[in-house]
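Please keep the sequence and the model in view while reading.

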Amino acid sequence: MRVVIIGGSGHVGTYLVPRLVESGHEVINVSRQQREPYQPHGAWTQVQQVIIDRAAAEADGTFGAQIAALQPDAVIDMICFTLDSARHIAEALRGQVRHFLHCGTIWVHGPSAVVPTTETQPRRPFGEYGIQKAAIETYLLGEAQRGDLPATILHPGHIVGPGWAPLNPAGYFSTAVFAQLARGEELALPNLGLETVHHVHADDVAQSFTQALAHRSMAVGESFHVVSPAAVTLRGYAEAVAGWFGQEANLRYVPWEAWRATVSEDEARATWDHIAHSPNCSIEKARRHIGYQPRYTSLQAVREAVAWLIDNEGLLAE
């Protein structure tokens, strides 16, 4: 199958491209600039690289036509963030592809009501990112149900892997939190530390796309959560990280308004976004329909990323 990936050089694409090549697909990676994947792999030598600035091409109305001109059997869109962008690519690909796969997000749900959250629960997104992704999901599934575009949406959680900083146990992205826990230093958590986060290894997300392609008849017209088998609480996450370094977590719990004053405005905003969602999503549908079987738990995925930071970026260096 001739597969075009839009934005295939990022976190998920680092693993997805080799999986597709090894499965025998002809792969074309479309990006705005040539960059190295986060992890090297020989499969990249077999990939055709096409440079297109999506924002500029959408602005002049040519992006969808440029993708269609590559004559794909399947298109995987990793970097679509607005409904207008989704409409543009969909209109160009109607009747042109066997399968269109969109990378969504569990943020389409908004705050959790019943957990673990299933794909059938009502959408209550908040924040521009979640609202736009929910609108894209509704639009693409409508296209699929009308038979206009055979679309599938994969919804990952907090993507993690070697090469970049994971979402930390305080709900933001500073690697200093991991160093604090490794040294046995006190870490303040908001509220009682019982809000949840739901990670997923980038390679497991990549697996979900290859599984959806392989199980097209079960995937078209559907959306799937693709996260680790279970979410973790901030408290449990912090205790686990400390334990990796032989420490007992030294945690202090602080009411939100007081806690937010202990970090930067950007860090507080990131934490609020995560704890207000407190995602805890079910993967049973993805397991049943497309055979999704994540290799990593949330903590295993984070531990691999932290080990990389220690070995390559001196995370624990004094």
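**Backbone features in loops**

Q71 is located in the loop that runs between α3 (63-68) and β4 (74-77); helices (H or I, at least four residues) and strands (E, at least two) are DSSP runs, numbered from the N terminus. The model is predicted, so local features need pLDDT of at least 70 and side-chain atom pairs count only at pLDDT 80 or more, while totals for chains, interfaces and linings use all residues. Residues are numbered from 1 along each chain as its sequence is written, and side-chain values use heavy atoms, with hydrogens and water left out.

- Q71 has a phi near 55°, which is positive although the residue is not glycine.
- Q71 counts as exposed, at 62% relative accessibility; exposed means over 50% relative accessible area, buried under 20%, and partly exposed in between (1.4 Å probe, protein chains only).
- S278, in the loop between α11 (265-277) and α12 (284-290), also is a residue other than glycine with a positive phi, near 40°.
- S278 is buried, its relative accessible area being 16%.
- The peptide bond from V115 to P116 is cis, with omega near -5°, and P116 is found in the loop between β5 (99-103) and α5 (128-145).

**Helix α7**

- Helix α7 covers residues 202-214, and its 13 residues should span 18 Å at 1.5 Å a residue; the expected span is 1.5 Å times one less than the number of residues.
- The end C-alpha atoms of α7 are 19 Å apart, which agrees with that expectation.
- Because 11 of the 13 residues of α7 are buried, the helix is largely enclosed by the rest of the structure.
- Among the buried residues of α7 are A202, D203, F209 and L213.

**Surroundings of S223**

- S223 belongs to strand β11 (residues 223-226) and is buried, with a relative accessible area of 5%.
- The side chains of S223 and E137 are joined by a polar contact of 3.0 Å.
- A polar contact is a pair of N or O atoms within 3.5 Å; within protein, one must be able to donate a hydrogen and the other to accept it, and residues adjacent in sequence count only if both atoms are side-chain atoms.
- Neighbours within four places in sequence aside, S223 is in contact (heavy atoms within 4.5 Å) with E119, R123, E137, L141, I153, H155 and K285.

**Position of I79**

- I79 lies in the loop between β4 and α4 (83-93).
- I79 counts as partly exposed, at 34% relative accessibility.
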